[in-house]
Amino acid sequence: MALLSKRERRHFPEWDDPTECVFRRVAIDLDACDGCRLCTLVCPANVLEIYKVDGKKKARVKDSQRGCISCNNCRAICDTGAIAATESNDFVGYYRQLGRGPFEPPRKF
Amino acid sequence: MASDAALQRGEDLEEIEADTGRAGRILEVSEGAEWNAVERVMLERRSIRRYKRRQVAPHLVRRMLEMGRYAPSQGNCQPWKFVVVRDADLIAGMEKFCVAECRKLSFDLDYTRYVRGSVKRFVIRAKARLFNRLQPRMLHPVPVTVMSTIADGRFAVFHRAPTVILLLMDKRGVGTPEIDIGICGTNIVLAAQSLGLGTCWVGFSKLLNQSREWCARLGVEPPFEITEAITVGYPIGEPTRLIARDTHEIVWFEGGTKDIRY
């Protein structure tokens, strides 16, 4: 069986349909986040922002914007380990991710 | 070659090697060993898009390019040429040009800009679809998103880096010179990481090829063309914590069996 069906090969995702272009969102641990803003600076997709909860600054994903490519640069820069993408992005049709296993940190073999 | 001749005569290369008394030693690495310095550099490298203002010393750029010079290439054809841009005005000009090009492309192809059900959206979408058939990788949802973000001025092409290295490819290179440029750039990027510098690959730099004026200013002439750019500078913050990533299917043939691992 082919990895991509004929129909899939022909199908290109609608870029603004969230069911067809699944840009992942990052998970943020609000207890650990100290609102330092570094993640909002390094995010290549520019999807993070700082807001205030109970008078404390915290990071969150902007409501209006999609585009997180799960690069995890936010994780790499976060001192408190409060933020991380836990899944890879995915699309339908021609652009569907193939042959991927789970998200894992670097492993020693 | 001497070794080929020996093989043809059915001689054992390892025996000959032992006879010389100068056999190469085998480096034993135990299972689960700590990452070495090079591996650590590879794991800690991130694409850096926010830089400090401080300029990178010229000798460091030379050090990086020296590592690029020693990259492997098909038939040892070394199909590269480097253009180093360290003048803020020039980088700003390149930025301006690429943003303008992205604007044109974005308004021409990104149908999501237009209201659902509108004629404009229908026409642009049909155009995007057609272009997609011809160049499917160019219109992958990720670069399209980035292109529109650049067009709207929310994302910089050259990331306001103090130094930009343009990787030029000699189109006459052996086989697939694009791959050689990738390998060469990887050497440069990893060398930079080991020197405490941040880098980012900029594929949108290819847009500069479309401008005669910019090619003339940057000294880009056929058979050379801009294939990639690498921005260099000192990163904001310390993005060195190790991250999780996709694992990829590995098909493993051994002992007469086929195995899938991740």
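Colleague: Hi! In what order do the 4 strands of the open sheet in chain B come?

Modeller: The order is β1-β2-β4-β3, and the pairing is antiparallel. Strands here are DSSP runs of E with at least two residues, helices are runs of H or I with at least four, and both are numbered from the N terminus. Two strands pair if DSSP finds at least two bridges between them. This is a predicted model, where local features need pLDDT of at least 70 and side-chain atom pairs count only at pLDDT 80 or more, while totals for chains, interfaces and linings use all residues. Residues are numbered from 1 along each chain as its sequence is written, and chains are lettered from A and ligands numbered from 1 in the order in which they are written.

Colleague: Thanks! Which strands stand at the edges of that sheet?

Modeller: β1 (80-85) and β3 (198-202) of chain B do; each has a single partner strand, so one side of each is left without a neighbour in the sheet.

Colleague: And how many bridges join β2 to β4 in chain B?

Modeller: There are 8 bridges between β2 (residues 163-170) and β4 (residues 224-233) of chain B. B:Met169, for instance, has B:Glu225 in β4(B) as its bridge partner.

Colleague: Switching to helices: at what angle do α3 and α8 of chain B pack?

Modeller: Helix α3 (residues 37-44) and helix α8 (residues 177-194) of chain B meet at about 100°, with axes 9 Å apart. Axes are lines fitted to C-alpha atoms, for helices over the stretch in contact, and angles run from 0 to 180 degrees between N-to-C directions. α3(B) and α8(B) are therefore roughly perpendicular, a label for angles of 65 to 115 degrees (under 35 is roughly parallel, over 145 roughly antiparallel, the rest oblique).

Colleague: Which residues make the contact between α3(B) and α8(B)?

Modeller: α3(B) brings B:Val41, B:Met42 and B:Glu44, while α8(B) brings B:Leu190, B:Gln193 and B:Ser194. Contact means that the C-beta atoms, placed from the backbone, lie within 7 Å.

Colleague: Now the two chains. How many residues of chain A are in contact with chain B?

Modeller: 33 residues of chain A touch 34 residues of chain B. On the chain A side, β7(A) gives the largest share, 5 residues.

Colleague: What does β7(A) pair with in chain B?

Modeller: β7(A) pairs with strand β5 (residues 245-248) of chain B, in the antiparallel sense over 3 bridges. There, A:Glu104 stands opposite B:Arg245.

Terms used
Contact = placed C-beta atoms within 7 Å.
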